[in-house]
Amino acid sequence: MNTQQFKADGRSAKPFSGEGLASLRNRIRGRILTAGDEAYDSERRVWNGLIDRKPGAIVQCQDAADVMAAVAFAAERGIAISVRGGGHNVAGSCMVENGFLIDLSSMRGVRVEPGKRIAVAEGGARLGDLDRAAQAYGLAAPVGVVSATGVAGLTLHGGVGWLLRKHGLAIDNLLSAEIVTADGRLRRADPTENSDLFWAIRGGGGNFGAVTSFTFKVHPVGPEVWLSAPIYPLDRAQEVLAAFRDFMEAAPDELMGLAVFWSAPEAPQVPKELHGSPVLILLTCYTGPFAEGEAVIAPLRRIGTPIADLGGPMRFVDVQTFLDQDYPDGKFYYWKSIYLDRLDAEAIQALFDHTASRPSPLSSIDVWTLGRAMRRVKSTDTAFYKRDAPYMIGIEANWDKHEDTEANIEWARRVFEEMKKFSHGGNYLNFPGFFEEQESLLLGAYGENLKRLKSIKAEYDPANLFLGAINIAPGPSGLT
Ligand SMILES: Cc1cc2nc3c(=O)[nH]c(=O)nc-3n(C[C@H](O)[C@H](O)[C@H](O)COP(=O)(O)OP(=O)(O)OC[C@H]3O[C@@H](n4cnc5c(N)ncnc54)[C@H](O)[C@@H]3O)c2cc1C
């Protein structure tokens, strides 16, 4: 296993000597850290404990003006840039070895304008920042399901969460963004201004610049919603997942589902002797009219007898933190994804077998139900291409001892390879492993949109300054 893959694959920047930093220090409000500074080592840590990269400098920006100065400084010297939003990408793609880390993690402000039904989140905001601010007005933006995740990385690569079937991906609710491009200019991107850039950032990741703010359309949600979380023993997976699949096919758009092959949590509702045993948890969240929710989710809670049920009525902000404790900072993670065309008995059997063979009980395979609003947007309307698959699996290898790294990564890679036969292909770049396959992952995510992305990249970042992103190399320009 090579956790240093990024160092060896040609994506490293040339060493940054630190020359000229004093002039940048004088121009920005934020702090700049280099190796030798006391806080340098703690500040270069990201969520995934496997990532151990050393940027040449960490520029902790406080506002858009800082970002403009930092990008211009790096551009003048040809230093490769990476941008940190929430620092939660499993590949550590916000960290470029030896390059310039433009760190937006202190820029977490969120402003909500309830009358206009919009929320404006700064480039380093976490989902929890956005959820709390919007829920103060009974509103929500469609984002993901763990509150510490960064709004930026999640949105720039798509964004799937509890509101997906009703309101689509996070990018489907993005109205505009402000972005500092490689020439150091702050630009607005929306359907009329820099519309090509706006198209590209809706799925194309951090390749086109540092996004300093995102403006989302927000929707009335909650404040109370229904979460269902019945837990079934793994040996009932065939019957339970088939029932879940059929139920979700007919369920309203307001119900989003995520079936998780996992281990029984040490919750008081779960009998002690079953703690840690392999299970299938049917997580769903109903965000339609509250009075109807209990009846909507009821059938999922009585497919036979669950060993426990952790669901019930809950504030939407609490649903958004329900899974937080399962993903602590600094543990070891390797996540991949693949879209599935079918969830028939053969696919369910494969998911069962892979769950049973996990080297770590912390690992899971998550089956996301897609479609509905996500599918109503055309594949070429945004850079995010793969909209037609009914399911996506997230293969999450999670473990806590460094010596178990190889076995866990091998497991995830094996599941990824062996589940391909249930898929017409395509990958979700928010779960990219270490992005080892590069071109095939890009093709899987972008399909025919890749050419246009490369062309827009050539226009806005011809020197590939934003090398730290899940990188799309510039291609011939003029393609549409
Ligand atoms: C615990 C956990 C739960 C998750 N749950 C979900 C989920 O429910 N739904 C889902 O869709 N995904 C989910 N993800 C995946 C998540 O969306 C990605 O990991 C995402 O990239 C994280 O964004 P970030 O800003 O925290 O990441 P970072 O690591 O900071 O950045 C990721 C990438 O985005 C780029 N980037 C970050 N900020 C900016 C910016 N401001 N401007 C330009 N480029 C930027 C960087 O270049 C980098 O390549 C989850 C991840 C974790 C760890």
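Predicted model: local features only at pLDDT ≥ 70, side-chain atom pairs only at ≥ 80, totals over all residues.
**Stop one: the ligand**

Now select the shell itself. Of its 37 residues, the ones that come nearest are G85, G86, G150, G153 and G206. Which elements supply at least two residues each? Pick out β3 (81-84), α6 (151-156) and β10 (210-217) and you have them. The largest share comes from α6, with four residues.

**Stop two: L175**

Move on to strand β8 (residues 174-180), where you'll find L175. Is L175 buried, exposed or partly exposed? A residue is buried if 20 or more other C-beta atoms lie within 10 Å of its own, and exposed if 12 or fewer do. L175 has 16 within that distance, so it is partly exposed.

Show its contacts next. Setting aside neighbours within four places in sequence, L175 is in contact with I118, D190, T215, F216 and K217. For a sense of scale, draw a distance from L175 to G78: the two are 97 residues apart in sequence, and their C-alpha atoms are 32 Å apart in space.

Most residues other than glycine have a negative phi, and most peptide bonds are trans. The next selections go against that pattern.

Start with N98, in the loop between β3 and β4 (100-103). N98 isn't a glycine, yet its phi is positive, at about 70°. It has 17 C-beta neighbours inside 10 Å, so N98 counts as partly exposed.

Then jump to N194, in the loop between β9 (186-189) and α8 (195-201). N194 is also a residue other than glycine with a positive phi, in this case near 50°. What about its surroundings: is N194 buried or exposed? It counts as buried, because 21 C-beta neighbours sit inside 10 Å.

Finish at P223, in the loop between β11 (219-220) and β12 (224-228). Zoom in on the peptide bond from G222 to P223 and check its omega: the bond is cis, with omega near 10°.

Definitions and conventions. Residues numbered from 1 in each chain as written. Near = placed C-beta within 6 Å. Contact = placed C-beta atoms within 7 Å.
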